[in-house]
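This report covers pockets, cavities, salt bridges and surface features in turn. Please have the model open while reading.

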Amino acid sequence: MDKPIIAVDMDDTICQLVKRAIYHNNINFPTHPLRYEDMLHWDTSHLRHPESTHDVFYGRPGLFEELELYDEYVVEEMEKLNQAYDLIIVTAAEPRTVVEKWNWLQKHMPFITADQFITCKRKYLLGFDLLIDDGAHNLIAAHDLGRKVLCIPHPWNVKEREQYGFPLMSTWHGAKEYIDRMLETVNV
């Protein structure tokens with residue numbers, strides 16, 4: 001019997017991208033400091049300094065290799081998921097960030113193989129049983145196709161969380177057991 005497929009996003013799901021980008025933004029543009037709590041939408045250009053374009057905010061060389069883990073439990077829980085399920089990492093990436101993201105994974109989660117690493121912006125096109133993501137656009141598309149989703153809550157997905165009632169996971173502590181319960185109907 002095939003194992004259920006769990007697709008897991010990287011940025012702001014297993015690592016902290018926005019918080020690190022804010023850190024660098026606030027050093028480089030002190031006249032336009034940002035706060036995580038103010039990041040209510042994907043488009044934050046109105047909050048940033050005019051010179052802090054999307055490419056500047058997210059394009060700092062090496063940024064994706066220096067990201068902190070989402071929390072202290074994520075590695076252990078991802079390893080448990082990897083053993084129990086067909087786990088894939090599905091991350092949106094610019095061509096210049098793919099190697100950095102892969103290097104980050106190999107540093108923190110070396111049990112993830114190249115066969116499990118997919119760069120893709122339209123995640124709903126992939127066949128999975130569960131998507132774990134912070135991007136409302138990804139969660140909504142998967143939800144609308146009848147797939148199970150698990151939302152990592154952040155300020156930028158509050159409205160969609162309320163509208164769709166997505167199941168939430170604000171910590172990776174106990175994630176495997178929580179996901180086991182979510183997927184019981186798939187395993188039957």
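## Largest pocket

What volume does the largest pocket have? The figure is about 590 Å³. The pocket is lined by 27 residues. Asp11, Leu17, Trp42, His54 and Ala92 are the closest to its centre. The model is predicted, and totals for linings use all residues.

Three helices each supply at least two residues of this lining: α1 (17-28), α2 (54-58) and α5. What is the make-up of the lining of the largest pocket, by nonpolar, polar and charged residues? There are 12 charged residues, eight polar and seven nonpolar.

How many cavities of 30 Å³ or more does a search of the whole structure find? The search finds one. The volume of the largest cavity is about 40 Å³.

Its lining consists of Val18, Met39, His41, Trp42, Thr44, Tyr58 and Trp156. Five of these residues are nonpolar and two are polar. No charged residue takes part in the lining of this cavity. Trp42 lines the largest cavity, and Trp42 is also listed among the residues closest to the centre of the largest pocket.

## Salt bridges

The salt-bridge count comes to 11.

## Tyr36 and its contacts

Tyr36 is placed in the loop between α1 and α2. Which residues does Tyr36 touch, not counting those up to four places away in sequence? The contacts are Lys19, Ile22, Pro153, His154, Pro155 and Trp156. Trp156 is also part of the lining of the largest cavity.

Tyr36 and Asp55 are 19 residues apart in sequence. In space, their C-alpha atoms are 18 Å apart.

Leu145 belongs to a loop, the one between α5 (136-144) and β7 (148-151). Helix α5 itself supplies at least two residues of the lining of the largest pocket.

Technical notes: Residues numbered from 1 in each chain as written. Predicted model: local features only at pLDDT ≥ 70, side-chain atom pairs only at ≥ 80, totals over all residues. Heavy atoms only, no water. Helix = DSSP H or I, 4+ residues; strand = E, 2+ residues; numbered from the N terminus. 1 Å grid on protein atoms, 1.4 Å probe; cavity = no way out; pocket = protein on both sides within 12 Å on 5 of 7 lines; lining within 4 Å. Points joined across faces, edges and corners; volume = space filled by probe spheres on them. Nonpolar A, V, L, I, M, F, W, Y, C, P; charged D, E, K, R; others polar. Contact = heavy atoms within 4.5 Å. Salt bridge = Lys/Arg side-chain N within 4 Å of Asp/Glu carboxyl O.
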